[in-house]
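Visitor: I have a model open and would like to go through it with you. Could we start with one of the helices?
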Amino acid sequence: MSAISSASPSALRSPDSQRRAALEVLLSRQSVSALQEPAPDDSDLALILEAGLRAPDHGRLRPWRFVLIRGAARAAFAEVLVDALRNREPDPPEALLERQRLKLQSVPLLIAIGAKIEPDGHIPKIEQLLSVGASAMNMLNAIHALGYGGIWVTGANVYDRRVNQALGLSWPDRLAGFLFVGTPQGAPRPVRRPALSEHLSEWTGIKEVARERD
Ligand SMILES: Cc1cc2nc3c(=O)[nH]c(=O)nc-3n(C[C@H](O)[C@H](O)[C@H](O)COP(=O)(O)O)c2cc1C
């Protein structure tokens, strides 16, 4: 057997192809809302959460607060959402409340993403929130890299004081959303990504800006 054919596939990979494979993970990620069991096991979940802790963070404020909601706690949390909805809207249709309960039951794992905001320091609040957003993105990428599916959702519940308080967040701390996490129910649907040209320009000098203003 030649040296090449006996080498393990990872040994055959050059550092460059490993870097490209990592990038391929980023480029192939897409949100998955149709989820089924299993949720990530404990060791995969630890990796996902650790990825969240690698977000950039101005001032080392470490504003990330993650709250796991899974198993039987999902039904209890659904009741928190139902109470919050009843408080926001008098007499919501029972079908809507039931949909809420069923939805939560169908999600293998929820990660509530909280922002612990330092209101008085010199780091603007927006930067603290951006760091929390970056932690969510890192976790979505880790979820995808490990073969699971996830989606970041918000909606009125995220901005509801009762829901925030149930998760231990009191203003100015706040929820930034939930990651719904599990195993994709099927193959990913084809998704059209925007053209780079619509999102990119190059600033080449102060004179051009002045000309545009004229
Ligand atoms: C802050 C934030 C909140 C979002 N809230 C919702 C939501 O409540 N419901 C939803 O279906 N998608 C929501 N999305 C969009 C999805 O997370 C996802 O980005 C979108 O479906 C596009 O999929 P993609 O990630 O494959 O591009 C939100 C995204 C962000 C960044």
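Guide: The buried residues of H5 pack against strand S2 (64-70), helix H6 (94-106) and helix H8 (161-166). Contact means C-beta atoms, placed from the backbone, within 7 Å; helices (H or I, at least four residues) and strands (E, at least two) are DSSP runs, numbered from the N terminus. This is a predicted model: local features need pLDDT of at least 70, side-chain atom pairs count only at pLDDT 80 or more, and totals for chains, interfaces and linings use all residues. Residues are numbered from 1 along each chain as its sequence is written.

Visitor: Which residues in H5 are buried?
Guide: Phe-77, Leu-81 and Ala-84 are buried in H5. Buried means 20 or more other C-beta atoms within 10 Å of the residue's own, exposed 12 or fewer, and partly exposed in between, with C-beta atoms placed from the backbone. Seen down the axis of H5, the buried residues fall within an arc of 60 degrees (taken from the directions from the helix axis to the C-beta atoms), so they line one face of the helix.

Visitor: And which exposed residues does the face turned away carry?
Guide: That face of H5 carries Ala-75, Ala-76 and Arg-86.

Visitor: Changing topic, which residues are around the ligand?
Guide: Gln-30, Ser-31, Ile-151, Trp-152, Val-153, Thr-154, Gly-155, Gly-177 and Val-191; a residue counts if its C-beta atom, placed from the backbone, lies within 6 Å. Strand S4 (residues 149-153) gives the largest share of this shell, three residues.

Visitor: What does Met-139 touch?
Guide: Leaving out residues up to four places away in sequence, Met-139 touches Ile-48, Ala-51, Gly-52, Ile-111 and Leu-179.

Terms used
Contact = placed C-beta atoms within 7 Å.
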